[in-house]
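Morning, everyone. Have a look at the model first.

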Amino acid sequence: MIYDGIIVGGGHAGIEAALAMARMGNRTILITGNLSKVASLPCNPSIGGPAKGIVVREIDALGGQMAKSADQGQIQIKMLNASKGPAVRALRAQIDKIKYPKIMLEVLKNTENLDLKEDLVESLITDGTNVFGVILQSGEQILSKTVILTTGTYLNSSILIGKERTPSGPSGEPTTYGISQQLKDLGFDVVRLKTGTPPRIAKDSIDITKMAPQPGDKDQQTFSYDNIYYDENPQELCYLTHTNLKTHGIINLHLDESAMYGGVVEGVGPRYCPSIEDKVVRFFDKQRHQVFIEPESVELDELYVQGLSTSMPKEVQEEFLRTVPGLENVRIIRYAYAIEYDAINPIQLNPSLETKKIKNLFCAGQINGTSGYEEAAGQGLMAGINASLKIHGKDPLILHRHEAYIGVLIDDLVTKGTVEPYRLLTSRAEHRLLLRHDNAELRLREYGYKIGLVDEKTYQKFIEKKSQYQDLIDKARSIKILPNAKNNKYLESRSSAQIYESISVYDLLKRPEINQEDVRYFMGNEYSIDSIEQLEIYVKYEGYIQKAQREAEKMIRLEDKIIPESIDYKLVRNISSEGREKLLKIQPKTLGQASRISGVNPADISVLLIYLESGALKHEF
């Protein structure tokens with residue numbers, strides 16, 4: 001039997017890839033070392049956050065799974081940056097790390113066209129140009145039209161605590177060596193990266209009276225547009241405390257004993273999620289750093305210590321943890337550690353996430369140099385979609401930077417590469433005002449429907465919501481508020497100045513103090529919360545949004561300018577030496593992608609555009 005797709009790895013990328021391929025009608029198999037560990041949360045027990053929470057919404061809009069399972073498995077949820085502008089608002093949820101993998105495994109087991117197999121993949125079956133399947137450690141061969149590698153941090157991985165180095169994957173799971181070495185032999189640029197995790201501590205060993213409670217939102221928020229809120233989910237508290245100068249003093253005293261500063265670490269760590277020893281060294285002027293105490297599961301007497309990721313020896317971890325207020329008598333259940341692993345330089349990928357060197361081989365998740373469950377899931381979804389589309393002879397789905405954070409993520413990876421674990425940030429998106437939490441469905445649902453991941457019922461519901469939103473805009477423009485005593489009394493109660501002539505709800509909403517509650521007062525409750533939220537954001541930021549759309553349209557013209565694969569950059573005169581070198585190395589697909597390559601300047605793009613439009617390449621099309 002020949003499968004349509006083999007997915008190697010059962011993490012967040014692997015799950016989305018497998019579900020996408022199977023739901024698009026392809027015979028698919030997911031191979032992982034331990035099925036009970038699918039969708040595991042080896043580090044932070046949370047999903048979402050700045051930019052990442054919007055990625056989860058995008059996954060849902062496209063027909064992926066993460067949002068639905070996160071809603072079902074959350075034990076606290078809140079909207080971050082609610083008081084700030086809409087471009088930076090995002091949901092974040094604490095996830096029950098015992099419940100969530102069970103939810104995902106049940107989804108996998110009940111998906112048609114999807115087989116599950118417990119085993120480790122030793123190597124790929126390839127002729128050096130194409131991939132045809134995999135060979136398992138048991139010796140069994142499985143053939144397939146496509147293979148998607150979602151190996152996470154399991155390639156040639158090592159756990160580091162102090163000067164100790166132990167070959168292992170996360171949480172004591174076995175590492176693999178065969179694929180990593182084979183990729184090197186095939187000519188891939190394999191890089192060494194590092195990440196880490198903080199200690200886990202006993203719930204009954206902390207003093208919460210010395211910490212600040214951090215509750216979730218009272219509103220029933222959901223990631224998924226299904227809007228199913230699970231009332232039975234307990235809403236657990238998190239707590240905030242801080243390090244101090246005594247903590248920093250102990251860390252500085254033992255710096256040379258840490259894996260990072262003791263010469264044990266070979267890989268490059270994440271800049272935006274540094275270990276506590278790295279923070280103490282880099283930000284030496286700071287007298288304290290935040291430490292969040294977060295629940296891992298309602299079934300565990302175990303807490304996650306966010307902010308104290310470290311590779312210090314165990315005895316040093318014990319010592320500095322007890323200097324933090326509330327942790328004076330702390331009992332460590334599992335010590336913090338750093339983990340090193342192999343990944344590929346992602347500039348070796350096409351925007352479809354298919355590798356340039358080996359046809360029909362796709363990569364997604366941390367093997368591409370990223371960090372984070374959400375980034376992995378987004379890549380997995382796109383790899384599964386594009387593997388399926390390729391099997392059926394269709395063009396890949398490439399999301400542009402103005403359409404999705406997933407598009408920003410993948411474009412950054414394949415265009416710029418990364419030398420450290422990549423973390424998605426709102427600041428990476430130049431069109432972030434267009435990529436909001438509230439409008440992911442409007443941006444991406446059509447794509448999900450066209451490729452077959454969004455069913456007819458869900459799509460029709462979306463069409464109705466879209467129509468309702470347009471109706472709401474039209475009515476907000478047409479409904480006039482009269483300057484009578486009743487309306488002025490209400491407006492005064494909202495700290496708003498009186499009106500002396502009739503004004504539309506649309507124009508009234510432009511006032512900073514007027515919000516969704518006021519729209520419902522003047523227009524009734526027949527419209528969905530989502531529609532009114534979108535209306536408020538659109539009205540208040542209309543000028544900025546229109547400007548962002550105009551800028552995006554300029555970039556679309558460059559994105560539509562395809563660079564033929566047969567182009568020889570050595571024949572293009574007047575391009576800078578560095579620009580020519582980078583263009584030859586990355587082989588961009590479009591002029592837009594070329595413009596974002598570091599080292600390719602605007603003059604190079606102008607020269608390249610003239611060359612493409614001069615007719616010099618007509619015989620190559």
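Which strands do the buried residues of α5 pack against? They pack against β1 (2-8), β7 (121-126), β9 (141-149), β12 (190-197) and β19 (337-344). Before I go on, the ground rules. This is a predicted model, where local features need pLDDT of at least 70, side-chain atom pairs count only at pLDDT 80 or more, and totals for chains, interfaces and linings use all residues. Residues are numbered from 1 along each chain as its sequence is written, and side-chain values use heavy atoms, with hydrogens and water left out.

Back to α5, residues 178-185. Its buried residues are G178, I179, S180, Q182 and L183. Buried means under 20% relative accessible area, exposed over 50%, partly exposed in between, with a 1.4 Å probe and protein chains only. Contact means heavy atoms within 4.5 Å. Helices are DSSP runs of H or I, at least four residues; strands are runs of E, at least two; both are numbered from the N terminus. Just after α5, G187 takes a positive phi of about 100°.

Next, α18, residues 577-586. Buried here: G579, R580, L583 and I586. They cover an arc of only 150° around the axis, which puts them on the same side of α18. That arc is taken from the directions from the helix axis to the C-beta atoms. On the other side of α18, S577, E581 and K585 are exposed. The buried residues pack against α10 (405-416), α19 (591-595) and α20 (602-613). Just after α18, Q587 has a positive phi of about 50°.

D604 is buried, at a relative accessible area of 2%. Leave aside its neighbours within four places in sequence, and D604 contacts N574, I575, S576, G579 and G599.

Last, a helix pair. How do α11 and α12 pack? Helix α11 (residues 440-451) and helix α12 (residues 456-478) meet at an angle of about 150°, with axes 11 Å apart. Axes are lines fitted to C-alpha atoms, for helices over the stretch in contact, and angles run from 0 to 180 degrees between N-to-C directions. The two are therefore roughly antiparallel, a label for angles over 145 degrees. From α11, the contact uses E441, L442, R445, E446 and Y449. From α12, the residues include Y459, F462, I463 and Y469.

That's my list. Questions, please.

Methods: Parallel < 35°, antiparallel > 145°, perpendicular 65-115°, else oblique.
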